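Here's a friendly walk through the structure shown below. Have a look at it first, then read on.

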Amino acid sequence: MAVVNYDPFSLENRADPYSRYAELREHAPVYRVEGSGFYLVTRYDDVQFVLKHPELFSSSAMMMMMLAGMGLGIQQMGGQSLDPVAMQTLMEMAKGLPFDPQEMMTKPSLIAADPPQHERLRRIVNRGFTPRRIAALETRIREIASDALDRMLEKPEFDLVADFTVPLPVTVIAELIGVESERFEDFKRWSDTLITSTTGSASGSQPEVVLGVFREFNEYFLDAIERRRREPKDDLISTLIAAEGGEVALSPMETLMFTILILVAGNETTTNLIGNGMVALSNHPEQLNKVQENPDLIPAMVEEVLRYDSPVQMLFRQAKADVELSDTQIPKGSIVLPVFASANRDSRQFADGDRFDITRNPQGHLAFGFGIHFCLGASLARLEARVGFEELFRRAGRLRRLQDETEYLDSFLLRGPRSLPLAREAS
């Protein structure tokens, strides 16, 4: 049997994790990361099993991951709990936050909650993501995309990420939450810092910097939550803190934690979806020609991008009992990483899984997860990506890459180009 040695947190694997995922699926489908209690699960059926069984795999590990990233480094998550010395250091530094940090660690968060707490949180936040509410956003999303393209296409050369794939979802999510337009740049800066700190290199970042941004973010949103209590508006914060139909509203802390989640998941993942799509299309010009000649293929193309180069590579779970997967014993308490991006390339589920084909049927891909934690914002991400590509292809025409190599974000959790320099081809 081939010897596999893989570190999911290493910078070396950012450019092309997929060849390594293929090795894992073939030779070590449930792989223990050397020197840790992490288990990578890489085959489609096994990943789906982990996501289908919250009674065996707790989502509480997501909170541990976020805390580990607050400047401490993900290596602190090797066992059933965070290193107590590191946690004490973090708690000392967090004393200046505008709330009790212990409350944040003990309150359930949607992404880190198990039943029955998860059901209560999900019922409440679903109010902000009804099909009618999402569909009603299309006109405004198209306006935002068009405005971004107006500015971008004034230049002969541009960075698609900075000029289009960032401002589109940032503006959509900021407006949905209720952030004032003059704070949009702060909104993006908060998001970038939180992502880098919680999902970047395993060594961690400077806790002082992270907590400074965290304090700034929390002060703004705690004030916004209090203002919405006094004067509700037609925005997501007001929806979350309003009691409806006998259902108790979210507490201020629960609202704040969901705002953090939507800040990161609601804008960065869509930025990466559109960016990954353009990288894949530019690397497969015959596929780009197909979709530009037939814009009706855009929805199918978006689904294939989600499968082929998933914006979210993996998530965290903790084994609640001894579990066996693919002839490998996972001990109780271990941290399990279901690798969505690997499952979506598994040729046992998707024929010739490493081939990018916008005409295939990628139904069943796991880019948005599966089961009770299926992505709340999936329909919004699909809408933004569809509208974004429709406007881009309609307005920009033929585009060419200015750099052959793609530099990716420093994140083991999220995948997308850091920049994508392009120019319009002469007509």
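Start in the middle: of the 129 residues in the largest nonpolar core, F221, F316, F389 and L392 touch the most other members. Such a core is a set of buried Ala, Val, Leu, Ile, Met, Phe, Trp, Tyr and Cys residues joined through side-chain atoms within 4.5 Å, where buried means under 20% relative accessible area with a 1.4 Å probe, protein chains only. Helix α14 (residues 252–283) gives this core its largest share, 13 residues.

Keep in mind that this is a predicted model: local features need pLDDT of at least 70, side-chain atom pairs count only at pLDDT 80 or more, and totals for chains, interfaces and linings use all residues. Residues are numbered from 1 along each chain as its sequence is written, and side-chain values use heavy atoms, leaving out hydrogens and water.

Now for helix α10 (residues 167–177): 10 of its 11 residues are buried, so the rest of the structure largely encloses it. Helices here are DSSP runs of H or I with at least four residues, and strands are runs of E with at least two.

There's also an open sheet of five strands, ordered β1-β2-β8-β5-β3 with mixed pairing; strands pair if DSSP finds at least two bridges between them. β1 and β3 stand at the edges with a single partner strand each, so one side of each has no neighbour in the sheet. β1 pairs with β2 in the antiparallel sense over three bridges, and R32 has Y39 in β2 as its bridge partner.

| Strand | Residues |
|---|---|
| β1 | residues 30–32 |
| β2 | residues 38–41 |
| β3 | residues 57–58 |

How values were computed:
Buried means under 20% relative accessible area, exposed over 50%, partly exposed in between (1.4 Å probe, protein chains only).
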